[in-house]
Amino acid sequence: MRNKRILYYLFLAFGWTVILFYLSSMSYAEQDIRPYLKMFVAEEHIAAVLAGVEIPYGNNKMSVDNMGAYQFVDFLFRKGAHLFFYSVLGYLLVRYFSSSLGEKYWRVFIFSFSILLVIAMLDEFLQFHHPDRSGHWADVGLDAMGGLKGIITGLLSTYIKKDKKEGKQKSADSSI
């Protein structure tokens, strides 16, 4: 049973990484959501809602004024995707390492975060060398933040569930 769980989470983490690298290999034009935004929402409406919102990124301030409304929403969507995809990867890595290492919380954390950082750096390195993409080291930090959220969620869900299961077993043993 334990070996199946280890292989299951290894397969999921590996598959999720393959999906990440596949998405990173796509050109910017293949992932551009601006044409869809233009079909459904007027640029003035987006600009009115997001006016005054500035997000520091690298050495720049990203905003509707600097980028245009559609481009700014596309930027927010892309950075949100970084957070989401790496959060899921962090969770899957924790589940894999907790299945194989057991209750060694710090080892699970360190191994999960280290592997996640290597994948994030490799991902940005590959994007940097893609002719239609640009890799930014600031994205590695964003990936790390998303991954850290997933790792913490994974640690909490894994070890809280174990504590509850052990608590039920202790109370059942004491009633006998």
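**Pocket**

I looked up which helix gives the most to the lining of the largest pocket, and H6 does, with 10 residues. Helices here are DSSP runs (H or I, at least four residues), numbered from the N terminus. I'm working on a predicted model, where local features need pLDDT of at least 70, side-chain atom pairs count only at pLDDT 80 or more, and totals for chains, interfaces and linings use all residues. Residues are numbered from 1 along each chain as its sequence is written, and side-chain values use heavy atoms, with hydrogens and water left out.

A pocket is an open set of points on a 1 Å grid over the protein atoms alone, where a 1.4 Å probe fits, with protein on both sides within 12 Å along at least five of seven lines; lining residues have an atom within 4 Å of a point. I noted a volume of about 580 Å³ for the largest pocket, that is, the space filled by probe spheres set on the points.

Its lining has 25 residues, and Gln 31, Arg 78, Lys 79, His 82 and Arg 133 lie nearest the centre. At least two lining residues each come from H1 (2-25), H2 (28-31), H6 (69-101) and H7 (105-128). I sorted the lining by class and got 11 nonpolar, seven polar and seven charged. For the classes, Ala, Val, Leu, Ile, Met, Phe, Trp, Tyr, Cys and Pro are nonpolar, Asp, Glu, Lys and Arg charged, and the others, Gly among them, polar.

**H6 on H7**

Next I checked the helix pairs. Axes are lines fitted to C-alpha atoms over the stretch in contact, with angles from 0 to 180 degrees between N-to-C directions. H6 packs on H7 at about 140 degrees, axes 9 Å apart, so the pair is oblique (under 35 degrees is roughly parallel, over 145 roughly antiparallel, 65 to 115 roughly perpendicular, the rest oblique). I have their crossing as right-handed, meaning the near helix is turned clockwise from the far one by less than a right angle. Contact means heavy atoms within 4.5 Å. Residues making the contact include His 82, Tyr 86 and Leu 89 of H6 and Arg 107, Val 108 and Phe 111 of H7. The contact residues divide into 12 nonpolar, four polar and three charged.

**H1 on H6**

I found these axes within 8 Å, crossing at roughly 155 degrees, so H1 and H6 are roughly antiparallel. The crossing is left-handed (anticlockwise in that scheme). Among the contact residues are Trp 16 and Leu 20 of H1, and Phe 85 and Tyr 96 of H6. I count 18 nonpolar, three polar and three charged here.

**H1 on H7**

The H1 and H7 axes come within 9 Å and cross at roughly 20 degrees, so I logged them as roughly parallel. H1 passes H7 in a right-handed crossing. Thr 17, Leu 20, Phe 21 and Ser 24 of H1 meet Ile 119, Leu 122, Asp 123, Leu 126 and Gln 127 of H7.
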